[in-house]
Amino acid sequence: MFGRRRVREVDETAVVHDEHASRTGDGRVEESTRTQQQQQQKEGILLRTVRPGDATNYPCQGDAVRIHYEAFLKETGEKFDSSRDRRQEFCWRVGKQQVIKGLDLAITRMSVGQVAEITIPSLLAYGAQGYPPLIPPKSDLAFVVELISLTSL
């Protein structure tokens, strides 16, 4: 589905939903990257870089990633989870349905070392049912995520 692209050029003007774009040798944005960007924009995932990463190493489907995160209810700002508070990094394999869909999609737009604020709509989080008692039904979520490392498997 997604090719093994590691190097992406930063496009400083594309701040709306995605700050990175993979480019071909002649400067055109690759079609798979454009499709992925359009999918994320349509789905409502917002990603804002707080600290840039190495702009070289991006997770692909099947890669193992290690992150630190803080998770908040978008509506109230209430923190409901944090790997930092537990002092334990969180690991998963991208695209293997081990985390909410929105986080799986967003992490592929981050490079190693990057810290980003990510907003995920309820449909890509816990949906209409929520995750009682922590997350009410139809809740949009906000995350602060640091991509610490990735391992290609």
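Student: Between which strands is the loop that holds Lys138?

Tutor: This is a predicted model, where local features need pLDDT of at least 70, side-chain atom pairs count only at pLDDT 80 or more, and totals for chains, interfaces and linings use all residues. Residues are numbered from 1 along each chain as its sequence is written, and side-chain values use heavy atoms, with hydrogens and water left out. Strands here are DSSP runs of at least two residues (E), helices runs of at least four (H or I), numbered from the N terminus. The loop with Lys138 lies between E7 and E8.

Student: Is Lys138 buried or exposed?

Tutor: Buried means under 20% relative accessible area, exposed over 50%, and partly exposed in between, with a 1.4 Å probe and protein chains only. Lys138 has a relative accessible area of 62%, so Lys138 is exposed.

Student: Which peptide bond is cis, with omega near 0 degrees?

Tutor: Pro133 is placed in the loop between strand E7 (115–120) and E8. The cis bond runs from Pro132 to Pro133.

Student: What is the phi of Ala55?

Tutor: Ala55 sits in the loop between strand E3 (46–51) and strand E4 (64–73). With 22% relative accessibility, Ala55 is partly exposed. Its phi is positive although the residue is not glycine, near 55 degrees.

Student: Which side chain forms a polar contact with that of Glu146?

Tutor: Glu146 belongs to strand E8 (residues 141–151) and is buried, at a relative accessible area of 17%. A polar contact is a pair of N or O atoms within 3.5 Å; within protein, one must be able to donate a hydrogen and the other to accept it, and residues adjacent in sequence count only if both atoms are side-chain atoms. At 3.1 Å, the partner is the side chain of Arg51.

Student: Which residues have the most contacts inside the largest nonpolar core?

Tutor: A nonpolar core is a set of buried Ala, Val, Leu, Ile, Met, Phe, Trp, Tyr and Cys residues joined through side-chain atoms within 4.5 Å. The largest one has 29 residues, and the elements giving it two or more residues are E4, helix H3 (101–107), E7 and E8. Those with the most contacts inside this core are Ile118, Phe143 and Val145.

Student: How many aromatic pairs are there, and what is the geometry of Tyr69 and Phe90?

Tutor: Rings of Phe, Tyr and Trp (its six-membered ring) pair if their centres lie within 6.5 Å; planes under 30 degrees apart count as stacked, over 60 as edge-to-face and the rest as tilted. The count comes to four aromatic pairs. Tyr69 and Phe90 have 5.8 Å from centre to centre and 75 degrees between the planes, which is edge-to-face.

Student: How far apart in the chain are Tyr69 and Phe90?

Tutor: Tyr69 is buried at 8% relative accessibility, whereas Phe90 is partly exposed at 27%. Tyr69 is in strand E4 and Phe90 in strand E6 (residues 90–93), so the pair links distant parts of the chain,. The separation is 21 residues.

Student: Over which residues does pLDDT stay under 50?

Tutor: pLDDT is the predictor's confidence in each residue, from 0 to 100. The chain averages 82, and 72% of the residues score at least 70. Where pLDDT is low, the predicted coordinates should not be read in detail. The stretch under 50 covers residues 1–29.

Key
Contact = heavy atoms within 4.5 Å.
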